[in-house]
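Work through the exercises below with the sequence and the coordinates at hand. Each task is followed by a stepwise solution.

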Amino acid sequence: MKTTVLILLGLLITGSVFPQHMHMGKMKMEQHLPFYTKIGNREIYHLYITDTIVNYTGKKRAAMAINGTIPAPALEFTEGDTAEIYVHNDMMMETSIHWHGVILPNRYDGVSYLTTAPLKPGETHFYKFPLVQHGTLWYHSHTMTQQQSGLYGAFIIHHKQQALQKEYTLLLSDWNDENPEQVERSLHNQTDWYAIKKGSTQNYAEAISKGYLSAKLTNEWKRMVAMDVSDVYYNRFFSNGKTEQTAPQFKAGDKVKLHVINGSSSTYFWLNYAGGKITVIATDGQEVEPVKVDRMIIAVAETYDVEVTIPKAGSFEFLATAEDRSNSTSLWLGDGPKVKAKALSKLNYFEGMKMMNGMMTMGGDMQKMDGMQMSNQKMDMNSVMYPELTADTTSAMKMMPEDTAGKKMDSMAATYMGGMNMEGMDMGTAGKIITLNYGMLKAPKPTNLPPGPTKVFTFNLTGNMNRYVWTINNKTVSESDKILIKKGENVRILLYNNTMMRHPMHLHGHYFRVLNGQGDYAPLKNTLDIMPMETDTIEFAATASGDWFFHCHILYHMMSGMGRIFSYENSPPNPEIPDSAEAIKKVYADDRHFYTGAKIGLESNGSDGNISLVNTRWKIQTLWKIGTTDEKGYESETIAGRYLRQMQWLYAYAGFNYEYRKVNGLEKNLFGQVSDQNNRHTVVAGLAYTLPLLFVADARVDGNGKFRLQLGRDDIPLTSRLRFSLMGNTDKEYNAGLRYIITKYFSVSSHYDSDMGLGAGLTIVY
């Protein structure tokens, strides 16, 4: 048994050392062709994808670059020309490039194995398509988590009769020193290390000291983990690859058009400007009637064209703050003394927790408010956490007309309506903060769909943070069929967000109308930010052919399975995908992926722990206890099981148990059954269920007919880094332990076990 455990540990450690980016280089170096050439109306680019090493935080880290830079070089075109792009893969792994928001033939869309052949090591792929639009777009890898490693860049198509104007391209992004494959693995293994780094664990000590103990208990009573607005802790946020970017070429009085692109993997950014108002003139490459705001949020994958004015001599900060307010990045416009934008204060997570308690039912669903339908970013439920809005929105609540404020709602809504950013509330009074929402966007010309039959789909965005599962209608991409549509149809999608997180939903190859109350002038977009509890409606004309991806653009949500594939009936064969049956298996493999995890205690009284493989629905786990003497004994158990239902609180499993412990006489459990621990080897089967307060009740029977009931909970957050665990069962076994987290992978621990006694030492959490 001890040998088996050591072998498993060795395999786990060996598997963890393989990096995502093998830094080996090409066996044959080729001479790079010119980056850009124009011949007539042909605009020709050569892009070379390579492994590289970066140092953003004082530590060297593996990354990926295009033509040696992160972000990739901006590609600029003129509407009406033809793009000819050669992508050369100089890495030792396959890759891809998706042209985000570009209307093009299906075969060039760039989703590996779905629309476009993957770009294998050493290969060159040629993309050729007419540029039938203008606007601010971007491009990025659509293979695994490569975008997080640096494969993203701006894609600007200028109007063929563009007026002379000062402009600047601002590409926002996020960076984590960890291998993104490790980030993804950690999310699926439910670590709260990122919350520790951000100071957002919402632990019991903090809840008590701030007067939120009741909110904390209610939160866990409803089986929810701590409130969060962003999954990942990022070491840096970038403006065009730097934490601060300067543009001193602009002078007092200049009106500057900013092409703002959110090329991050999972970060929303709040935008505000020290020089005054921000005028929004386009979104996702589509023009809108100008609208002036004080601030705006840009979702992952969205683009906005905005105009700002340099009011006087100086350098004015265009500030982009991560939604979780863990850090920010800045563009300084102008030359001279720096004028800072107003910084955003730290979020009040406990107010968000109280809000969430009122919004969530005991069954894990969002509790809709009577007589109200939230849509188009008009009511930001997270506003209760914004210190800069608390006073203004509370007073605004008092000013609301009776027919709005007086509607019957549940107790949460009545309490928190004053904290929401409601359309009109913050615009009608002098001094109020004007925040952009989709209801303000209006197309400059009608966007009505052509006549034709309408096919309607309802998508509920579902998932849970406990196991990091993200789905649509409780199914991942691989668990659902392709959605068949026909050329000439109009497609309408009703989206309801039944989760506590925002989701930027992106449709490949099409632009959809956002039905926002503007009638014929509904704005066009390709990416929609849908907030918790919102119901939004979008529609598009089915004018293409082939398969097109619709997915959440938070990288780790997409990889978990939050998406669907729209498939045109009677489409011609795609020459890029000669074996579509085999290729779709590769697409489905993303959300079926298994992730390794381990918790290994090395203490003075022995070792205990587990090693697991988990994916969206399944978990395979080996647990062990190894004592230092025969009286303390050793035990091993391997089980495999499936999580059931939407919230996955129920886990059904079966496996094999072996235990040896030298005891004198017979031991009986609480049911009077004999516990044979001298040489027990038997099959087991059972059900584990997550109870209120996040305790897990486990009922099982073994091959000898012996029953066991067990109750326990791991990692109760006493403080930001101190965790408490406890367990007891009807075999008269019990344990309790404390663990103090030092780094993501290492903790010091003290543990008492009824079989093994008291011990202290080190815990490794992988």
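The model is predicted, with local features needing pLDDT of at least 70 and side-chain atom pairs pLDDT 80 or more, while totals for chains, interfaces and linings use all residues. Residues are numbered from 1 along each chain as its sequence is written, and side-chain values use heavy atoms, without hydrogens and water.

**Exercise 1.** Determine the setting of Leu-722.

Step 1. Leu-722 lies in strand β43, residues 722–729 (strands are DSSP runs of E, at least two residues; helices are runs of H or I, at least four; both are numbered from the N terminus).

Step 2. Its relative accessibility is 23%, so Leu-722 is classed as partly exposed (buried is under 20%, exposed over 50%, partly exposed in between, with a 1.4 Å probe and protein chains only).

Step 3. Leaving out residues up to four places away in sequence, Leu-722 contacts Ile-716, Pro-717, Leu-738, Arg-739 and Tyr-740 (heavy atoms within 4.5 Å).

Step 4. For Arg-739, 17 residues from Leu-722 along the chain, the C-alpha separation is 5.8 Å.

**Exercise 2.** Is helix α6 (residues 349–359) largely enclosed or open?

Step 1. Among the buried residues of α6 are Tyr-349, Phe-350, Glu-351 and Asn-357.

Step 2. Because 10 of the 11 residues are buried, α6 is largely enclosed by the rest of the structure.
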